[in-house]
Amino acid sequence: MRKKVAVVTGGAGFIGSHLCDKLVDEGFKVICLDNFITSGVSNIRHLLKLRDFTLIKHNVCDYIDIAGRVDYILHFASPASPQDYLEFPIPTLKVGSLGTHNALGLARKKKAVFILASTSEVYGDPLEHPQRESYWGNVNPVGVRSCYDEAKRFSEAITMAYRRVHRLDTKIVRIFNTYGPRMRLNDGRVVPNFIYQAINGKPVTVYGDGSQSRSFCYISDLIGGIYKLALSGVNGPVNLGNTHEFTIMELARLVLKLTKTKSRVIFKPLMDDDPKQRKPDISRAKKTLRWEPRIELEKGLRRTIDWFKGNPDPKSGKA
């Protein structure tokens, strides 16, 4: 029986590498495309020796040519943390536009199922809470975060255009805050920031007064939802995330407790356009995919802290 072939763009990244693991474990042949702008070979080194895994170093903003049959294309290429897309705003916009266009073109050529990794950032600083897929968002189109927000909003728009015009089988997943092993300790996101600072005895930095809230989904839960969506007849968009909401101060206190550090919390001014609340309504995922997250924050943080302690280099994850 012929194995299904899946192309994963951004496959060496945090989420992409775990997705490659899942697909290989499920019997797929996986082709990983990555240019390593914010990721590293270390995330996929364990896969390189496998016959069913192929790594191609490639910038998906350039034309994509894959020989042979392809059944699924999972487009996960993009800088994804504020630190990264503020450093690389133009590449972020290009991968969301040109990269998505090229990945969709490959899907059309191969008659493959196309899965787009979108984000809760399409909701901006939401005026609706929790956020449902029907909510159109509150996004600043010229703010410092707009390079990421608008790139993802465009990628959703062109994905839907290919679906309507070319009858392509497309699926959109809107990913909410996700954490776990293989995040870069210095990538600027709140979970690795707090853990890195705490395990190294540095002050834990909270922006604003810490009252802004987030919901945190462990990586294995997210990957399970993405896999279910890929194989389903559901097109989306579909929110995937955890619905248990925590303030940033609550997260900071929990990290301090679990790391048993003597670090103290310090406060800095809130970053521009930082959302005050972020929590998904996952009713659609529950109903159509029979999916909901299972890993509680404390359990997931313990696993993540243990992994980070074994990868002390703040550049961990880079090529």
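The crossing of helices α1 and α6 is right-handed (the near helix is turned clockwise from the far one by less than a right angle). The model is predicted, and local features need pLDDT of at least 70, side-chain atom pairs count only at pLDDT 80 or more, and totals for chains, interfaces and linings use all residues. Residues are numbered from 1 along each chain as its sequence is written, and side-chain values use heavy atoms, without hydrogens and water.

Helix α1 (residues 14–25) packs on helix α6 (residues 219–231) at an angle of about 60°, and their axes lie 10 Å apart. Contact (heavy atoms within 4.5 Å) involves F14, I15, H18, L19, K22 and L23 of α1, together with I219, L222, I223, I226 and Y227 of α6. Among the buried residues of α6 are L222, I226 and L229 (buried: under 20% relative accessible area, 1.4 Å probe, protein chains only).

Two cis peptide bonds are described. One joins H129 to P130, with omega near -5°; P130 belongs to the loop between β5 (113–119) and α4 (146–166). Another joins G236 to P237, with omega near 10°, and P237 sits in the loop between α6 and β11 (238–240).

A positive phi, near 65°, is found at F36, in the loop between β2 (29–34) and β3 (53–57). F36 is buried, at a relative accessible area of 11%. Phi of R182 is likewise positive, near 85°, and R182 is buried, at 15%.

Note on methods: Axes are lines fitted to C-alpha atoms, for helices over the stretch in contact, and angles run from 0 to 180 degrees between N-to-C directions. Helices (H or I, at least four residues) and strands (E, at least two) are DSSP runs, numbered from the N terminus. Buried means under 20% relative accessible area, exposed over 50%, partly exposed in between (1.4 Å probe, protein chains only).
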